[in-house]
Structures are given as C-alpha cells and as structure tokens.
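Subject: Structure handover

Hello,

Here is the structure for you to look over. My notes on what turned up follow below it.

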Amino acid sequence: MRALLFLLEKEFRQTFRNPAILRMIFIMPAVQLLIMPLAADYEVKNIKICVVDQDHSQNSRLLINKITSTNYFTLVDYTGSYNEALEYIEKEEADLILQIPNGFERDLVRENRAGLFLALNAINGVKANLGGAYLRSIIADFNGEVMLSENTIPYQSAIPGITIAPANWFNPLMNYRYFMVPGILVILLTMVGAFLSSLNIVKEKEVGTIEQINVTPIRKSDFILGKLIPFWVLGLIILTIGLIISRVAYGIVPAGNIGVIYLFSAVYLVTVLGLGLLVSTLANTQQQAMLLSFFMMMIFILLGGLYTSIDSMPVWAKYFTKFNPVSYFIEVMRMVVLKGSTLYDIRFHLLKVMLFGVVFNALAVWNYHKRN
Amino acid sequence: MKQFRYLFKKEFLHVWRDRRTMLILFGMPLVQILIFGFALTNEVKNSGIGVMDLSHSATSAKITDELKASRYFDLVEMIPDHDALLTAFRDGSIKLAVVFPGNFQNELAHDSRSAVQLIGDATDPNNSNTLIYYATAVIMDYKDRPTAGTGMPMVIKTDLKYLYNPQLKGSYNFVPGVIAMVLMLVCAMMTSISIVKEKEMGTMEVILVSPVRPILVILAKMVPYFLLSAVNIGCILLLSVFVLKVPIQGNLMLLIGECLLFTITVLALGLLISSATNSQQIAMLISLMGMFLPTVMLSGFMFPIENMPVALRVISNVVPAKWFYFIVKSIMIKGVGIKYIWKETLILVGMTLFFMVVSIRKFKTRLE
C-alpha cells in the first residue's frame, strides 16, 4: 500500500510537471469540442441546383420559384441544355440538375401528365438521397397546387385523405450538434485513456527507466495501479471540462442524471486504460505503441456509431460492435444526455463494459512481466 | 551518391526490420478499405420502428402491414400506450413511431381525412428525417393506390437519375479519403517520428558530425517511406477496384501521378514537423492533432465543407488533403481529365514547394 502511494506521487509529479500534457488536458477537449461539432455537420442543406428550363412557361417559372424559395436549395444557374448543366456538376459547382422539358405545360394541360427529369451527383449518397426526396416532395406540393388552381377537384373527395404529422422527439430543433457533442466526449475519453497510458509505459521501456522499477521490490499490481490511477483521474477531469464546455458553448444540459454519466465514465475509463496497458505490453517503442493504439482506436471509433448508424451496418460489423466498448459508451452518452435514460435503461451496457474492463486488464497484467 | 546509398540502406533496414510496424502499415489500409467500403453506409436501413395503434381499425392494420413489408424497416414493434412508447425510445429499441389516433377510422369515414402521427428519434437528426420520409412514402403509397390509373388530372411524373454512383454506395465517397488518410499517417507521422527519434536518442548527433550533407540525411529518411506509400497506394487502388468494385473512370497514369505528388507533399509536411520538435510524443501529437484530424474533418470526405462556418471553410483551404480529395474524386469517379483539375494540382505543387523550402531552411545542423 505504501509502495503504491509513493508510485502515485511519482506518476502525478511526472504527469503534471510535463507542460505538454498539461496543455493537452485543456486544449484537447476545447479544440475537439469547439471545432469538431462545427465541422461535423451532416445536415443536408444548401443543395446547389442548376435548372435547365426548356419550357419557359408560367408553370415552369412557378415551380422554380417554389423550389428556390425554400432554404434547402440554392440556385446556381439556368442553362440552355443538359450538357451545360452537367459541366457544373463535373466542376462540383452544382449537386443537382432539374430539367423541365420543352412542352411541359402543354403536356400537363392537354395530356394530363407531364414529366420532369432530375439528375443528382450521387458520390455523396446521403445528400443525393435526401436532396432527391426534398425536391420530389416540393414537386408533389406544386402538383397539388396546380390541380387545385385548375379546379379539377372532384377526385379529391373520392380518396381517403390521410395526412401526416411528423414530430421530432428529444431534439425538436433537429440540432446536429446535440447528436455529435456527446459522441465527441466519448472519443476524448477514449483517446486520453488508450493513448496516454500506453505511451507512458512504453516510454519507460524505451528510455530504460523501467529496468529501475523492475529491480525494486514493487509488486506488479502496485506498478500497474500506479500507472492507471493518474490517467483515470485525468480522464474524469477531462470529462468534467468537456461537460462544462458543452454546456457553455452548446447549451447541452444532460436530460438524465449526471451521476449516471460519471458512473459509466469511471467504469469505461478502467476498460480503455486496460486496453492501453495491453498495447504497452505488446509494443517496445513509442512509435509501435502509437501506431498500434491508433490502429485499434480507428477501428473502434469508426465502427462505434459516431458518424454512421450501427443499425445500417452489415451483420458481421454488427457482431463486431457487440465487442466494441466505444459503441456502448457512445450509445449510453446519447441516451442519457438527450433522452434522459436512467441507470435501469443502461444496465446491460454497464455490465458489458465492466466485463470488457476485467478481460482487458486481466490480459494486460498476465502479459506484463517484470523480467525481460 | 555512395554516401546516399549507405544512408538509404540504413534507413531502409530500420523500417524493414521493424516487422510489427510494417504489419500495421500494410494492415491499416486493408482494414480501412474494408470498414469504409462495407461497414459504413450513410444509407438508413434496418431500423426498428414502433406502431402505436389506438384506433384498432382495418385501415390502420393495413397500413401497419405495409410498414412491416417495407424493406426499410427491420422490426415492427406494437406499442400499447404512451409510457411504453417513451420506454421504447429510451432504451433505444425503436427509432421511429407511427401513431394512429383513437378516432382515426371515424374521422376517415366521416370527414374523409385524418392524420397519422410520425415521431422520429431526432437524437440523430438525419436518421430521423430519412425514416420519416420512408414512412411517409409507404403511407402515401397506400393512400394513392386505389386511385392510381383512374385518370387523375394533371399529374407530374418525376424521373430521377443518380449520376456517378447509381447504387448510392458509401465507398465511392470514402475510397479517395482513405488514400489521403493512409498517406497522412505513413508519410507525415512516420517520417517525423523517425527523424525526431534520432534526435531524442542522440544518434542524430553522430550523423551530423559525419561528412554527410544534411540534405542527403533528409532524403534518405524520406525515400523508404515514399516507396512504402507507393506500395500502399497500389494496394488501395487494387482493393477498391477488385473488392469494393469502385471503378477508375479516368486516366490511371494521371491518378497515380497525382497520388505520388500528394505523397511528396505529405513527406515535406512530416519533415516540417520533425524540424519543429524534439520529442517523439510531441511529434505524434502534432501529426495527430494538427495533421490527421484536419485531414479527416476538413477535407470534405467525412463532412461536407459547404455546411461549415466561414472560418472553417477558409481554414480548409490550407489542408492539402482537401485538394487531393477533390482531385482523386474527380479522376476516379467522375472520370474527368486534367482540364478540370489543373488548378488544384498547381495548388498542391505550390504547397509542396513551400513546405520543402521552409523545412530545409529550418533543419538545424547543430544541436543546441
């Protein structure tokens, strides 16, 4: 016990005397939480549209006005032909082409049906998908107005009119930041836990100071605890800073109990620290440790559901996310912060992360040898 | 020249003999391509939805069947009351709820119009939006069915064409980004670390007192990583063509040329980092925070640049990966020629020269 206290003193001194680490404690959460949510805005808006109006009729003008008056679409240009419009897409200056063919109004009135043509730049699938859906609903609206204005209503009463009232719960303003910020907090804790702890131990290996510790009577468990506890404390400090920043900068007040967040974070930190420890027993140089933890973190974070939803992943990837502590924490964070889920709602998440913690730490301790 | 050969051999063996690092450097692009190509889709599918049917009517039952049959939704859970609805949202089992009010059938019969409520879990706003669109489409489809073909007046039919990526695959967007990310990692991070390591270990001093010219020291450090990146680029392109089925529409030689140009840009960046720092940890942090994160965030392959605030949009212009991403996307997917990308190429060349000059001038031949 006394040995552990001395070790802790050493580690805390070493950590807090390193200006680079101190700077990181404050700068990393600030930079990540202030810049990332601004950049990570997936919301589909400002769709750039190029119109090929070959009809030049009253209806085509009305339709164009209706489209450009919404704030989803920005009109780039009118062109005379489809090929000129395609040029805009190739130069990445437009996302979408709407072609109103010659005779649109005439067909609409005489033949009772007319066609429109939409071409979308689909390299970015989400944008194409949502952009197409928005535009089609505007066109459908326009179609309804045309029918009404031409007084061809008799059919209207014949069909059952089911209207749809959409509502968005938990985030009624559809603020994308509410979605990203809790997830970014998780990434922060993960990076602190996995990176810093693994680098710290490997540095002792690389510089050779681990020899000195190995020849002392300090027990294996004391050494490991002495390494883990400072980073555990550091992680909770960063979480606190992160929560304050998200409150001040984004007005995000957790809907659930803040104690639940801390409890889960405390358990989660033990898990990622165990992972960092495991990496440090596998690597001999800082370069290796860095690459190895980066490699693992990348997989965990990408498959953690921060940017893309886990529901949409293929089956094998879904199985993988069952073994991914990051995905549990991201889910819990969003549930507690946005939906106000309780400890009871997240009990299985907590148990699983605890289990991972035990496994990772056990593997790491088993793999750490005081002898070379 | 002979000096250079020896130095090159030393550096090459350094890299070659560190098998663990080699394994990761080659495993990384493979795993990234697989994850980005197969696991990450922005498409919304297989979401769990809930139906709260308070009207227990024939129409609502039919619409529920339609929802069950739709391929967009994975699991349809019947929800008895409001409390159960809240619980289902809270424990995350449903992402969308369809609510039929108690007087749904009555209103429909008497007033011939009634409302269905769609409640999306807007924790993820895009997901919620998309699910509401899907459900709306299913319900509208049901509504329009009896009248279809009965000669409705003035129907506007919209034909839709998805250019370049008709199946809306996520990998089209990701492959060019993965190339940029891997190069950032291999070239910028590894080069800077390997130079700083010599400083930290003190072996730099040994090299600096030898008669070798500093420029040769630097070149010898860069060449092995350049070769490694070239192999990596080849692997990524082969994987994306044969495994992900992302075709290369444009000129292959042009594409490879641009990739090599970007490799040199990034190597120069790594050199710049190494001349600015003395410790490996700092070099790593700079390459992660200062290089890698901006590459992921501001190059446009993960997040759309046009949505960002003005300040970030301006900053994104100094991120080399942004230009590279644009170039690769244009050549690979749109199949356009140099005519459309000469400006971006010139910007990259300019950046490379700038980094080179600054870092060589900053490279110290003396240790303080």
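Two residues are in contact here if their C-beta atoms, placed from the backbone, lie within 7 Å. Please keep in mind that this is a predicted model.

**Where the chains meet**

On that criterion, the contact takes 89 residues from chain A and 90 residues from chain B. Several elements of chain B supply at least two residues each to the side that touches chain A. Among them are helix H2 (19–39), helix H4 (82–90), strand S4 (113–121) and strand S5 (155–163) of chain B. Helix H7 (171–201), helix H11 (280–298) and helix H13 (320–334) of chain B are also on that list. The largest share comes from H6(B), with eleven residues. What is the make-up of the side of chain B that touches chain A, in nonpolar, polar and charged residues? It divides into 48 nonpolar, 25 polar and 17 charged.

**Nonpolar cores**

In soluble globular proteins, nonpolar side chains tend to be buried together. In this model, the largest nonpolar core holds 179 residues. Which of its residues touch the most other members? They are A:Phe329, B:Ile179 and B:Met184. H7(B) gives the most to this core, at 19 residues.

A:Phe329 is worth a look in the viewer. Setting aside neighbours within four places in sequence, A:Phe329 is in contact with A:Val186, A:Phe264, A:Tyr268 and A:Val353. There is also a second, separate core of 25 residues. Its members include B:Ala97, B:Val99, B:Ile119 and B:Ile132.

**Chain A**

Chain A has 14 helices and five strands. Why is chain A described as more spread out than a compact globule? Its radius of gyration is 29 Å, well over the 21 Å that the globule rule gives for 372 residues, so chain A is more spread out than a compact globule. Its C-alpha atoms fill a box of roughly 95 × 45 × 40 Å along the principal axes. Of the 372 residues, 45% count as buried. Take the contacts in chain A with a separation of 6 or more: residues 24 or more positions apart account for 79% of them.

Start with strand S1 (residues 47–53) of chain A. Five of its seven residues are buried, so S1(A) is largely enclosed by the rest of the structure. S1(A) pairs with strand S2 (residues 73–79) of chain A in the parallel sense, over six bridges. Within that pairing, A:Ile49 has A:Leu75 in S2(A) as its bridge partner. The chain gets from S1(A) to S2(A) through helix H3 (residues 58–68) of chain A. This β-α-β crossover is right-handed.

S1(A) is also joined to strand S3 (residues 96–100) of chain A. Those two strands run parallel, with five bridges. The bridge partner of A:Asp53 in S3(A) is A:Ile100.

**Chain B**

Chain B comes to 14 helices and five strands. Its radius of gyration is 28 Å, well over the 21 Å from the globule rule for 368 residues, so chain B too is more spread out than a compact globule. Along its principal axes, the C-alpha trace spans about 95 × 45 × 40 Å. Of the 368 residues of chain B, 45% count as buried. Among contacts between residues at least 6 apart in sequence, 79% join residues at least 24 apart.

Best wishes

Technical notes
Residues numbered from 1 in each chain as written. Chains lettered and ligands numbered in written order. Predicted model: local features only at pLDDT ≥ 70, side-chain atom pairs only at ≥ 80, totals over all residues. Helix = DSSP H or I, 4+ residues; strand = E, 2+ residues; numbered from the N terminus. Nonpolar A, V, L, I, M, F, W, Y, C, P; charged D, E, K, R; others polar. Core = buried A, V, L, I, M, F, W, Y, C linked by C-beta atoms within 7 Å. Buried ≥ 20, exposed ≤ 12 C-beta atoms within 10 Å, placed from the backbone. Rg over C-alpha atoms; globule rule 2.2 N^0.38 Å. Pairing = 2+ DSSP bridges. Right-handed = clockwise from strand over helix to strand, strands pointing away.
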